[in-house]
Amino acid sequence: MRLEDVEVALLQSLLDELTAVLEAEADDDPVAQRLFPAAYPGDDAADREYRSLTQDTLRSERLERISACAADLAAGGDVELDDPDAGRRWIQVLNDLRLALGTRLGVTEDDPPVDPDDPDEQPRLVYYWLTAVQDSVVTGLMR
């Protein structure tokens, strides 16, 4: 994956923001709720038990993936994805970034088209850019 300097900086910033959300461990944060959805909707006791058994591990795994991707970016704009683990890791991290940003923005399937000239639309453009990057990684790995 070849990224321009501005893209590297943007991804590093987004990874930092996602790390902050995960490290805050705020279960009432909509992004945290989206990243760690209820396993047993409607059964609070079962869901609490499930979370007590899995959430720390899931959070740690996400933080490790983010850290590895950040290390890739620190090496420059050429990210090597030949290793299947690296490709899978990047797909997962890009998906988490999209989930986090999409949740903050309230993105739905019914969103109107984005006006690229409207400065208020920049966060949505970043969301769609992340989608394109993730698609490129998936397509590249399928070859």
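Against which helices do the buried residues of α1 pack? They pack against α2 (30–35), α3 (44–74), α4 (84–105) and α5 (122–142), and the legends below take up these elements in turn.

This is a predicted model, in which local features need pLDDT of at least 70, side-chain atom pairs count only at pLDDT 80 or more, and totals for chains, interfaces and linings use all residues. Residues are numbered from 1 along each chain as its sequence is written, and side-chain values use heavy atoms, with hydrogens and water left out.

**View 1. The whole protein chain, with its helices in order.** The secondary structure of the protein chain comes to 5 helices and 0 strands, and from the N terminus on the elements run α-α-α-α-α. Helices (H or I, at least four residues) and strands (E, at least two) are DSSP runs, numbered from the N terminus. Taken along the principal axes, the box filled by the C-alpha atoms is roughly 45 × 40 × 30 Å. Of the 143 residues, 34% count as buried, where buried means under 20% relative accessible area, exposed means over 50%, and partly exposed lies in between (1.4 Å probe, protein chains only). Among the contacts with a separation of 6 or more, 65% are made by residues 24 or more positions apart, a contact being heavy atoms within 4.5 Å.

**View 2. Helix α1 and its buried face.** The 20 residues of α1 (residues 5–24) should span 28 Å at 1.5 Å a residue, and the end C-alpha atoms are 29 Å apart, which agrees; the expected span of a helix is 1.5 Å times one less than its number of residues. The buried residues of α1 are Val8, Leu11, Leu14, Leu15, Leu18, Thr19, Val21 and Leu22. Seen down the axis of α1, these buried residues fall within an arc of 160°, so they line one face of the helix; the arc is that of the directions from the helix axis to the C-beta atoms. An α-helix has 3.6 residues a turn, so residues three or four places apart point the same way. On the other side of α1, Asp5, Val6, Asp16, Glu23 and Ala24 are exposed.

View 3. Glutamate 25 follows α1 and has its place in the loop between α1 and α2. The phi of glutamate 25 is near 50°, a positive value in a residue other than glycine. With a relative accessible area of 46%, glutamate 25 is partly exposed. Glutamine 33, found in helix α2, is also partly exposed, with a relative accessible area of 44%. If residues up to four places away in sequence are not counted, glutamine 33 touches Asp27 and Asp28. Glutamine 33 and arginine 88 are 55 residues apart along the chain, and their C-alpha atoms are separated by 23 Å.

View 4. The largest pocket has a volume of about 160 Å³. A pocket is an open set of points on a 1 Å grid over the protein atoms alone, with protein on both sides within 12 Å along at least five of seven lines, and lining residues have an atom within 4 Å of a point; grid points are joined across faces, edges and corners, and the volume is the space filled by probe spheres set on the points. The lining consists of Leu14, Glu17, Leu18, Val21, Val31, Leu97, Ala100, Leu101, Arg104 and Leu130. At least two residues of this lining are supplied by each of α1 and α4. The lining divides into 8 nonpolar, no polar and 2 charged residues, where Ala, Val, Leu, Ile, Met, Phe, Trp, Tyr, Cys and Pro count as nonpolar, Asp, Glu, Lys and Arg as charged, and the others, Gly among them, as polar.

View 5. The 21 residues of α5 reach 30 Å from the first C-alpha to the last, close to the 30 Å expected at 1.5 Å a residue. Arg124, Val126, Tyr127, Trp129, Leu130, Val133, Gln134 and Val137 are the buried residues of α5, and what covers them includes α1 and α4. Valine 126 counts as buried at 18% relative accessibility, and touches Leu10, Leu14 and Leu101, not counting residues up to four places away in sequence.

**View 6. Glutamine 92 in helix α4.** Glutamine 92 lies in α4 and is partly exposed, with a relative accessible area of 31%. The C-alpha atoms of glutamine 92 and isoleucine 66 are separated by 9.3 Å, although the two residues are 26 residues apart along the chain.

Terms used. 1 Å grid on protein atoms, 1.4 Å probe; cavity = no way out; pocket = protein on both sides within 12 Å on 5 of 7 lines; lining within 4 Å.
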